[in-house]
Amino acid sequence: MKPVNFDYARPADVGAALALLADDTLAVKIMAGGQSLGPMLNMRLVQPDLLVDIAGIEELKQVTDRPDEIVFGACITHADIEDRRVPDVTRGALPSVANGIAYRAVRNRGTVGGSLTHADPSADWISILSAVGARVTLRGPAGNRTIAVEDYMLGALEADLRPGEMLVSVTVPKLGRSARWGYYKSCRKTGEFAHAIGAFLSDPERGVSRVVIGATESRPIVVTDAQHLIGDGRAERLDRVFDSHAAAEAIAAAGMADPIDRQTHVVALRRAIERAYSA
Amino acid sequence: MNTVTLKVNGKPASADIEARMHLADFLRDTQNLTGTHIGCEHGVCGACTILVDGVPTRSCITFAVACEQAEVTTVEGLDADEVATELRAAFSKEHGLQCGYCTPGMIVSARDVVLRMQEPTEHEIRVAMSGNLCRCTGYVGIVRAIQGVIAARRARGIAAIPGGDHRKALGPAGSGHATASANGTATRIRTSPAAPALAAATPAKAAAAPRQEADWKPQTTFTESFVVGHPVDEVWAFFDRIGEVASCLPGASLAGEPVDGHVEGQIRIKVGPISAEFQGVADVSRDEATRTGTINGSGKDKRSNSATRGLIGYAVKPGDKPGETRVDVSIGYTLTGVLAQFGRSGLVQDVAGRLIAAFVKNLEAKLSHQSGGGDAEAPPVITELDAGSLVSSVILGRIKRFFAALFGRR
């Protein structure tokens, strides 16, 4: 259980990291906290020629507070969000979900950017960040581009990274005062990858109503206008207006064929809605 | 080799190590600090949990070189620590250990729970400690020990500090202490002489022929169907040409033509950063009467030391429209070794679904090419399954239009 021998680089800034990525004669792998990559390296599932450690790059740990959104670097850890060292703008959604990721010892090193780029469909960040409408910014030889977080995952373990690109930051919108959110993941034991994830955001002030079905073994199913599933957000009890039939249909339409899988995911969404938090 | 210097239990500790050495090996092998135990070595069991910059960290999936100049505390460094002292007494009193293998990690994680959680319920303690496995005690004594220490401390008026009191910096624990090199470019450490080319590896001698074990049953089975716009006779005949069938499967190639229904070959699969190359053998059989066939194969990936056995059945029948053929495929497989430890069945299915989608496109292209009068060796259009095949609709649409234009088909 030892990785193959690799070269190691610790670039000082994003520009230097991109320069290292540009060498396409080598198998170059970026590492942040290494909590997904570490096990894969130890098991020799991944055998890079060069490991680029970006955890020391200051820009990737910066937080910028803007009037209607917050931007944080790719190397912000789960624990940074759980402990609110990064200010929460989501009425508790992100800290609460962070608290349930793996184990504390993993959360102290694992990063949001690393989790998104590893693109495991059962991971937490891809689902909750899709629910709150977050975006990711990627930087490469052609400059920056910003896309919706759900579009960043192409499929199981495949992120939308063009040659020489890396993820640099995540942008999370500030939720309205009456926004409600919910998140539920179905796991047989704590800390394991989820079998089904349901998440929603209802933010009537901003006119946002989103539903996410995650842990689908591929990219999450994101309903960007979910009024037909959870109403306009003004109902006192969202679980009373939740249409589980329509949710099952939306999941089937997205290609989930197995009826038991569908049912598990509908239940995860219903539980997310039953636990609606308004903070 | 390069010199890595950490601050271990308050003292500078350095060693010349390879970049691939994880923190637990650094402590055990170069500092003789064998109190840090290694269990699973992939971040699951928690035995190797130590403090890095004051917070619990898995030392088996944290490289020493990535923690240059960080502050590391092992169980040996907790002798005088107030909470750890109380926990040691409580673990003894409550039978919180038997063999002791998990105990160093347990003490580090338990200390974190005592420091961070004000009045946790038993359930909350169990959840917080669930990343540390113990095979002796059944956890009852461990949980009681932690409850006891928390109750005593709160009774003495010592409150918890949510988030702990150590960490102020952002980013992965252990990162950000090393100074960048003077010119602001990368600090790069070469540890390996030019890696021996993988290409030098000779094709592995095939695994044992699968035909002996008739009663073998696959662990996982799923089915897929697809329709091709060509007559049944053409498709059925095509499936008899094993070499051509293999060339439609992205990443697959044969070592030679089949002899007596027995064939050797390989398939390369790439999923995200993982790539595997299975070398193996297969027995192929066909039944003309029912137009069904089976491919019974097994293979090994030397890199990941994983093995697979698979049984693929296919049935070729007329499609709903004239001139169309429906192919039903059932895929059963058993995966063992490292890849099996990592792969969940749904992920395998996602990859298989993508492989088949690419196979169908290649098959269509090949059949069209042949019926259009081209030679049998038209190059397959998708040669490797990777991110590219996921952005499929756009690219495949283009390929389809290209062939349509070429052969006047719609």
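**Figure 1. Two salt bridges join chain A and chain B.** A salt bridge here is a side-chain nitrogen of Lys or Arg within 4 Å of a carboxyl oxygen of Asp or Glu. Glu41(B) pairs with Lys2(A) in a salt bridge. Their closest N and O atoms are 2.5 Å apart. This is a predicted model: local features need pLDDT of at least 70, side-chain atom pairs count only at pLDDT 80 or more, and totals for chains, interfaces and linings use all residues. Residues are numbered from 1 along each chain as its sequence is written, chains are lettered from A and ligands numbered from 1 in the order in which they are written, and side-chain values use heavy atoms, with hydrogens and water left out.

**Figure 2. Chain A meets chain B through 67 residues, which touch 68 residues of chain B.** Contact means heavy atoms within 4.5 Å. The area buried between the chains is about 5600 Å². Carbon and sulfur atoms give 57% of that area. Buried area is the accessible area (1.4 Å probe) that two parts lose on being put together, summed over both. Arg10(A), Leu45(A) and Arg109(A) supply 13% of what chain A buries against chain B, more than any other three residues.

**Figure 3. A salt bridge links Glu59(A) and Arg139(A).** The N to O distance is 2.7 Å. Glu59(A) sits in the loop between β3 and β4 (63-65) of chain A, and Arg139(A) in strand β6 (residues 135-140) of chain A, so the pair ties together parts 80 residues apart in sequence. Strands (E, at least two residues) and helices (H or I, at least four) are DSSP runs, numbered from the N terminus. The whole structure holds 36 salt bridges over all chains.

**Figure 4. The second largest pocket has a volume of about 1100 Å³.** Of its 40 lining residues, Ser96(A), Val97(A), Asn99(A), Gly100(A) and Val127(B) are the closest to its centre. On a 1 Å grid over the protein atoms alone, a pocket is an open set of points where a 1.4 Å probe fits, with protein on both sides within 12 Å along at least five of seven lines; lining residues have an atom within 4 Å of a point. Grid points are joined across faces, edges and corners, and the volume is the space filled by probe spheres set on the points.
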